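This report is meant for someone meeting the structure for the first time. Please look over the sequence and the model before reading on.

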Amino acid sequence: MNDNNEHICIRCGSPTISSTTIRQSANPLYPITVTQYRCTNEACQKAADNKQAELLKQRLEREEKSKKYHPIKKPEINP
Ligand SMILES: [Zn+2]
């Protein structure tokens, strides 16, 4: 067993590279750190990016809709 931080892509089994991005949250004192594992297989990663972009678009559309019904913004806590 090797216990280094190497991750294997769940989609194609290629090794992945981790990249950490800091995202600004609603509270500037607590930025959200997001660690993503990018596949070294370009085609696989591209497909994953497309899927994620689509999910994000759907989420934004849903949020946009819910804003119309619930004008008061609630803080969102992601686990
Ligand atoms: Zn992959």
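## Basis of the description

The model described here is predicted, and local features are given only where pLDDT is at least 70, side-chain atom pairs count only at pLDDT 80 or more, and totals for chains, interfaces and linings use all residues. Residues are numbered from 1 along each chain, as its sequence is written.

## Overall make-up

The protein has 1 helix and 3 strands, where helices (H or I, at least four residues) and strands (E, at least two) are DSSP runs numbered from the N terminus. Along the sequence these elements follow the pattern β-β-β-α.

Of the 79 residues of the protein, 3% count as buried; a residue is called buried if 20 or more other C-beta atoms lie within 10 Å of its own, exposed if 12 or fewer, and partly exposed in between, with C-beta atoms placed from the backbone. Two residues are in contact if their C-beta atoms, placed from the backbone, lie within 7 Å. Among contacts between residues at least 6 apart in sequence, 35% join residues at least 24 apart.

## The sheet

The strands form an open sheet of 3 strands in the order β1-β2-β3, with antiparallel pairing. Because β1 and β3 stand at the edges, each with a single partner strand, one side of each is left without a neighbour in the sheet. Two strands are said to pair if DSSP finds at least two bridges between them.

Strand β1 (residues 7–8) pairs with strand β2 (residues 15–23) in the antiparallel sense over 2 bridges, and the bridge partner of H7 in β2 is T16. The hairpin of β1 and β2 has 6 residues between the strands, and in this hairpin G13 takes a positive phi near 85 degrees.

In β3, Y37 is the bridge partner of S18, while V34 is the bridge partner of T21.

## The helix

Helix α1 (residues 42–69) has 28 residues and reaches 41 Å from its first C-alpha to its last, close to the 40 Å expected at 1.5 Å a residue, the expected span being 1.5 Å times one less than the number of residues. The helix is hardly covered, since the count of buried residues among its 28 residues is 0.

## Two residues in context

T35 is found in strand β3, and it counts as exposed because it has 8 C-beta neighbours inside 10 Å. Leaving aside residues up to four places away in sequence, T35 touches S18 and T20. The C-alpha atoms of T35 and T20, which are 15 residues apart along the chain, are separated by 4.3 Å.

P75 lies in the segment after α1, and P75 is exposed, with 7 other C-beta atoms within 10 Å. Its C-alpha atom is separated by 8.0 Å from that of A26, although P75 and A26 are 49 residues apart along the chain.
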